Amino acid sequence: MDPLFIVAAAAALLAGVVASLLVPPVVNLAQFLRSFDRPGAGGAGDERRAVLATAVPRLGGVAIAAGLSAGSLVGLMAGWNQWGMTIPRPELVALPIAAGLVFLVGLVDDLFGVTPGKKFIVELVAAWMLVRVGWSFTELNLPFVGEVHLGIWGGLVSLLWVVGVTNAINLIDGLDGLAGGVAAIISVSMLVYALIQHNLGSVVLMAAIVGACLGFLRHNWEPAQVFMGDSGSLTLGFLLGAISLHSAIKAPAAVAILVPILALGLPVIDTLLVMVVRFFDGEGAPVGRRVGRMFRGDRRHLHHLLSDLATRHRRVVTVIYLVVLLFCAGAIAVAVTGEGWLGLILLVIEVAVVLTMRQLGLVRRARALANERVDALRLRRPAWLRRGEPGEPAEPGES
């Protein structure tokens with residue numbers, strides 16, 4: 001058996017055990033520091049907080065970060081003699097420092113609160129550190145156009161990709177078990193992609209993320225004992241964005257960007273669609289204000305809309321898991337075949353699937369709002385006009 005498989009499995013196992021065992025003390029720490037998601041509190045998780053019965057600790061990202069750090073470190077150390085020298089030293093320094101910055105800003109946000117603008121700046125700085133060590137697109141292979149050399153724009157495209165994925169994973173953290181499960185599924189697909197490329201460092205890191213997410217999910221499944229908070233979701237998103245960028249750079253030009261886009265399709269496509277809707281909802285307002293609306297939280301994301309279709313959030317989470325799993329299977333198929341045309345077809349299908357799921361949720365939400373308005377208008381009518389209607393008492397003496 002390839003030693004890399006053994007090291008990856010060990011990294012995943014260690015990360016899962018560490019993350020799971022650390023959750024109870026992290027919960028105690030969150031209670032001591034009064035870091036909770038409270039019922040009805042504002043923020044990105046409004047939909048989840050609206051149904052909370054009690055306050056839930058939100059420092060689960062500390063356990064996740066500790067787990068994936070332990071798994072990654074031990075995994076790299078275990079195989080260092082065989083492949084350690086193939087990983088450039090600047091990358092070994094830049095990635096942990098950049099991820100650490102993102103984790104710290106998320107942790108501060110969980111404890112005290114940080115404005116979106118300040119978090120965005122930190123994310124840009126962290127992504128810039130990766131671009132500085134060479135993790136940057138130089139050209140893209142576009143359909144019907146061919147290779148497009150990006151030149152100085154390559155760094156900007158890379159920054160936008162990493163920061164975009166970071167926030168896409170962060171924004172999907174709205175239901176118990178959702179972000180952790182989605183990140184684990186995507187990480188498995190990126191792990192397979194890294195194995196195909198023999199991208200050794202990425203294999204270990206993705207394995208550690210899978211293990212850490214699964215270990216955390218044991219405590220985060222509905223009803224959640226702890227939330228990962230921004231310290232967890234931002235860190236996971238940043239690492240997925242960084243490793244997908246690195247994998248795209250090393251891939252054949254025909255499928256370079258398609259594989260990570262397909263694997264991360266659901267959170268990325270949904271986030272882009274929500275931003276477009278927010279922009280056009282501000283029609284008539286100054287452009288600057290409409291652009292600002294694109295980055296404000298609301299309940300328009302896919303998991304919010306699907307929650308209107310199901311009585312249990314667990315069903316919504318399960319459906320999203322299955323969709324992400326299918327998207328990731330498509331990404332792996334493109335990686336194995338190297339066929340760019342297949343990737344384009346699957347990308348169109350993914351966009352259509354996300355649009356359809358969103359439309360189903362929008363229709364259900366519109367019907368619910370219409371029913372609420374009808375009920376409100378009916379209750380405003382005089383009692384004598386409502387007699388005999390369903391749910392209203394009949395006239396005295398009527399059978």
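Student: Among contacts in the protein between residues at least 6 apart in sequence, what share joins residues at least 24 apart?
Tutor: This is a predicted model, in which local features need pLDDT of at least 70 and side-chain atom pairs count only at pLDDT 80 or more, while totals for chains, interfaces and linings use all residues. Residues are numbered from 1 along each chain as its sequence is written, and side-chain values use heavy atoms, with hydrogens and water left out. Contact means heavy atoms within 4.5 Å. Of the contacts between residues at least 6 apart in sequence, the share joining residues at least 24 apart is 75%.

Student: What average pLDDT does the protein have?
Tutor: pLDDT is the predictor's confidence in each residue, from 0 to 100. At least 70 is the score of 84% of the residues. The average for the protein is 84.

Student: How many helices and strands does the protein have?
Tutor: Helices (H or I, at least four residues) and strands (E, at least two) are DSSP runs, numbered from the N terminus. The count for the protein is 17 helices and four strands.
That leaves burial, where buried means under 20% relative accessible area, exposed over 50%, and partly exposed in between (1.4 Å probe, protein chains only). Of the 399 residues, the buried share is 49%.

Student: Are H9 and H10 roughly parallel or roughly antiparallel to each other?
Tutor: Axes are lines fitted to C-alpha atoms, for helices over the stretch in contact, and angles run from 0 to 180 degrees between N-to-C directions. Helix H9 (residues 200–220) and helix H10 (residues 229–250) have axes 11 Å apart, at an angle of about 155 degrees. Angles under 35 degrees count as roughly parallel, over 145 as roughly antiparallel, 65 to 115 as roughly perpendicular and the rest as oblique. H9 and H10 are therefore roughly antiparallel.

Student: How many nonpolar residues are in the contact of H9 with H10?
Tutor: H9 brings Ser202, Leu205, Met206, Ile209 and Cys213, and H10 brings Leu236, Leu239, Leu240, Ile243 and His246. Ala, Val, Leu, Ile, Met, Phe, Trp, Tyr, Cys and Pro count as nonpolar, Asp, Glu, Lys and Arg as charged, and the others, Gly among them, as polar. The contact has no charged residues and two polar ones, and its nonpolar residues number eight.

Student: Is the crossing of H1 and H9 left-handed or right-handed?
Tutor: The axes of helix H1 (residues 3–33) and H9 come within 7 Å and cross at roughly 30 degrees. A crossing is left-handed if the near helix is turned anticlockwise from the far one by less than a right angle, and right-handed if clockwise. The crossing of H1 and H9 is right-handed.

Student: Which residues of H3 make the contact with H10?
Tutor: Helix H3 (residues 60–78) packs with H10 at an angle of about 40 degrees, their axes 7 Å apart. That makes H3 oblique to H10. On the H10 side are Ser231, Gly232, Leu236 and Leu239, and on the H3 side are Gly61, Val62, Ile64 and Leu68.

Student: Which residues does Asn199 touch, not counting residues up to four places away in sequence?
Tutor: Asn199 is in the loop between helix H8 (178–197) and H9. Its relative accessible area is 7%, so Asn199 is buried. With residues up to four places away left out, Asn199 touches Ala194, His246, Ser247 and Lys250.

Student: Is Arg358 buried or exposed?
Tutor: Arg358 is in helix H16 (residues 340–380). Among the residues that Arg358 touches are Asp270, Arg300 and His301. With a relative accessible area of 6%, Arg358 is buried.

Student: Which residues does a cis peptide bond join?
Tutor: Most peptide bonds are trans. Pro223 lies in the loop between H9 and H10. With omega about -5 degrees, the cis bond joins Glu222 and Pro223.
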